[in-house]
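Visitor: Could you walk me through the charged contacts here? I am new to this one.
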Amino acid sequence: MEVVPQISQFLTDTLSSDCAVVRAATESLDRLSLLPGFSFSLLSIATEGENHGQKIAAATYLKNFTRRNVDDDGAPHLKISKEFKDQLLRALLQVEPAVLKVLIEVFQIIVSVEVVKKNSWPELVPDLKYAIQNSHLFNIGAESQWNTFNSLTVLHALLRPFQVSKTNSTGELEIEKTLLLVCKCIYFAVRSHMPSALAPLLPTLCRDLIDILGSLILDSVVTTGNEHLMRLKTGKRSLQIFCALVTRHRKYSDKLMPDMINSALSIVKYSKSAGKLEFLSERIVSLGFDVISRVLETGPGWRLVSPYFSSLLDSAIFPALVMNEKDISEWEEDADEFIRKNLPSDIDEVSGWREDLFTARKSAINLLGVISLSKGPPMGTSSNGSLASSKRKKGEKNKGNSRRCSIGELLVLPFLSKFPIPFEAIGTETEILSNYFGVLMGYGGLLDFLREQEPRYTTTLVKTRLLPLYKSSVCLPYLIAPANWVLGELASCLPEEMSADVYSSLLSALIMPDNGDTSCYPVRVSAAGAIAELLENDYMPPDWLPLLQAVIGRIGIDDEDSSVLFQLLSSIVEAGNENVAVHIPSIASSLVAAISKCIPANLEPWPQMVEKGFGALAVMAQSWENFLSEDREQNESSEKWASGRAAVGRAFSVLLQQAWLSPMHPLCGVDQEVEGSNPSCIDDASTLLRSTMLSVTESNEIQELKISELLLVWADMVADWHAWEESEDMSVFDCIQEVVDLQKKLGLKEFIARPVSSPPTPPVPGRSIIEGVGAFVSEAIRQYPSATWRACSCVHMLLHVPSYSTETEDIKQSLAITFSRAAFSRFKEIRSKPCPLWKPLLLAITSCYLCYPELVERILDKDENGGFTIWISALQYVCSSSYEPGLTMESEIKLIVMALVKVIEQLLQVGKPCGGLYTLLLEASVRLKEMQEEDDVEEEAESDEDNDDETEDDEEDSDADEHEETEEEFLNRYAKAAAALQDGTIIEEGDVEDQDHVIELGCLEDIDPQRVVQSLLERFHRVLQQGQTVEPQLMSSFLDAFPEYDLFFQHSMSN
């Protein structure tokens, strides 16, 4: 045993982080393993080592050493002596759990040889029995060296090789696998079509499948091996085959339905044990209910299923609805899963053709709904259907009590009504609670039935079976949650006189605190969903403030609750409009405080609660802006609204500072800090940033609210934004618009340029606000078709609205280069066929050209040979009458007129012909003058209308003028859209709305295009008229619009 210290040292070295040390130690141990007492040494170290790591290392090496020295056939390379086996058993009964976990594998290896194959360890069972009887928990009061847990673990390991199923044979397992494969193939075949070779075999096949289903034991608590699992999977496929046959192949399945129903009825009886079934077994029960639902939806279905309605309801459906132990466990351990499975807010109408139910309860609810809507066998065949319908219409007045009552009215409602509401002393009895939970689940399946009935049914149900639960003195969270769910689903058909009581009850449930150890989170979530449904169905609370206080009061207490409450808050703001908007200034700060506490200090993704909070605040910001814009003049002169606007701006600024500025490391340079911001919720955050800027009225507020600092961070984030496909929100563009407006109105620090960084950072200026925005805009033009129109409108705004100085001219030039390259690159991709996207791209290039003609010409030609000519040709086409949507705004034509003048000047200066550009310039000039005159007339007309009290007549006239699209026009429009989609030139829906976005020309607005044209004609009219043929009609129109130019054309006209 003198080698023990040496082995111990080598084992310790194997734990080193130095690979060379580990390799040397392992080689040394391999050499020492040839010694006869090596295994004893390892076992000794595993039980009495110097530290925990050394013990684990020794046990692990012993496990690997033992495994290496036993062949697959069990023949050992070393003799396993009785002494070693005894010492191993003693070690197993004493070692700590972590070491036991490793050594037990050594024991299993030896047992497989010495016990299972050779039966050469006769002392093991008696010794283990003695150890168990004398272990510390069995022999309380006396000192014992044996650990009870260890001894039972050894017993379990000993028994494991002998736990063999009766059917554990390779042949039977292969048979089960083959059966499953055949059923899969049949299912995927009949789900789409009926193979001709399979049709004659269907009766035999169905009998075989029914036999398979009859062999299933769904509630077995004993694991019987892989064969049983394969059989369960085959049973599942069998029921799916039945569903497919009933749904798609009635010609073949009608005669087989009686046997299918009998088989399904035997399956669904297992629903009594739904709370104890494994997932696959429950799925089979669910499919059993689905088979019955599908059969009941067919013609023969009533005759086959109706005799079993009562027994089905009593022994299968209702047992699946009642609350069980699994529900309570899920409620406490995974409440979201409980809600998803039992209280879905997006429940669809009941149908026999549903394929997404998966749980026995959902399928049972669906079947209950199908049964409740049943009204007996169908009325004859289709051949005499019209005659029967005609007779019914004639006898409408006399039918009276002859109408057929539904099963919901005759059977289902009376059955559910026999279960009493839990009250007072009996309220806590488990069976009564469980049953009434099932009743509420059942009502959830009757929603379609109730919508077809007279309002009195719903009124009676709500008054007598649901609302009393909220008035009980006993806390009943397990019942209030499903009651909330049912009320929410009934929101669309609630009588108006009941809505107030329902709302009051739901509001009390929304603020229900946890009841001791019982979480009420599902109660609050279901109440929030139900209130949202009420609001969506146009219920308006008499006073919105209590609802807002209830929601805001619970936000921040729990993250999960807060996420749901923020969603509800968004619904409240959208539904309440101005009724809620007046409260926004008073509640914004408390919401910001709750969200700020949950924003992580590091750069990890934000929690869901924070993201939902930003979303809710964005909705509030939009609602507040809409509220102010309704009567802007009055609001702007009101101190109340001014203070409210300032409060909202301050609150949003505080939140954005917490999100974007606080996580920065104070020792880093500015550039590094900006890179450290979190890009989460960029769309919603842009909305909040825009709202903050809208609250600014004076220059000092820019500094107080840290607008420039926030904009630097925001611009840096959007510059690197590459997830546009995940969001259709255009709030970033709205924010860009407001940034430029604020810069124009009050000025922003570091908007165009930033100073050079101070040491120790490199002396390189950081990215300014406009540079970050420019990077975002260029990327949007290149990558995202849905953003093309808005992005191109930003090009004009960023180039022409800001005032660039001599020192910042290089930044403007850099923007023009980037924009022209991005727009031309995107244009080349779609230029094969004219489309609406041509216009914004070509106009964006036009704006860049007006700023730097020679530079942009070189860029276009460098990008593609003749690129400048391509742009000019495309611009000419866009100006033509054959292009749709055409040039519709004055700013577009003004931009083109100035660009044409510039192009013609450039061509004439280098002695190149201008081709048809001269004619195009004359046409565009005339068109611009006509549009300006039309605008003047419209402004006068609008002024007159403002003084006219007969606005209703005007509205009627405008309504009458609206063109209603015919079916042929509708089909033609969609045919064009489909062709455009195939060509890859389709404009996304959101983009169509942006086509009328006004182009902001900024400094170009001060330029009179008429003077520009006049200057060109003064200098070049003789050259232009040489070799140019202008149609007399165009010349006449031009001179009518601009008679002062007559002097330039006298020579040509005289000729």
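Visitor: What does Glu-114 form with Lys-118?
Guide: Glu-114 forms a salt bridge with Lys-118, with the closest N and O atoms 3.9 Å apart, a salt bridge being a side-chain nitrogen of Lys or Arg within 4 Å of a carboxyl oxygen of Asp or Glu. This is a predicted model, in which local features need pLDDT of at least 70 and side-chain atom pairs count only at pLDDT 80 or more, while totals for chains, interfaces and linings use all residues. Residues are numbered from 1 along each chain as its sequence is written, and side-chain values use heavy atoms, leaving out hydrogens and water.

Visitor: Is Glu-114 buried or exposed?
Guide: Glu-114 is buried, at a relative accessible area of 5%, whereas Lys-118 is partly exposed at 48%; buried means under 20% relative accessible area, exposed over 50%, and partly exposed in between, using a 1.4 Å probe and protein chains only.

Visitor: Which side chain meets Glu-625 in a salt bridge?
Guide: That is Arg-690, with 2.5 Å from N to O. The pair links distant parts of the chain, 65 residues apart, with Glu-625 in helix α32 and Arg-690 in helix α36 (helices are DSSP runs of H or I, at least four residues, numbered from the N terminus). Glu-625 counts as buried at 19% relative accessibility, and Arg-690 counts as buried at 18%.

Visitor: Changing topic, how many salt bridges are there in the whole structure?
Guide: A search of the whole structure finds 29 salt bridges.

Visitor: And which residues are linked in a network?
Guide: Asp-514, Arg-524, Arg-554 and Asp-561 are linked in a network of salt bridges.

Methods:
Helices (H or I, at least four residues) and strands (E, at least two) are DSSP runs, numbered from the N terminus.
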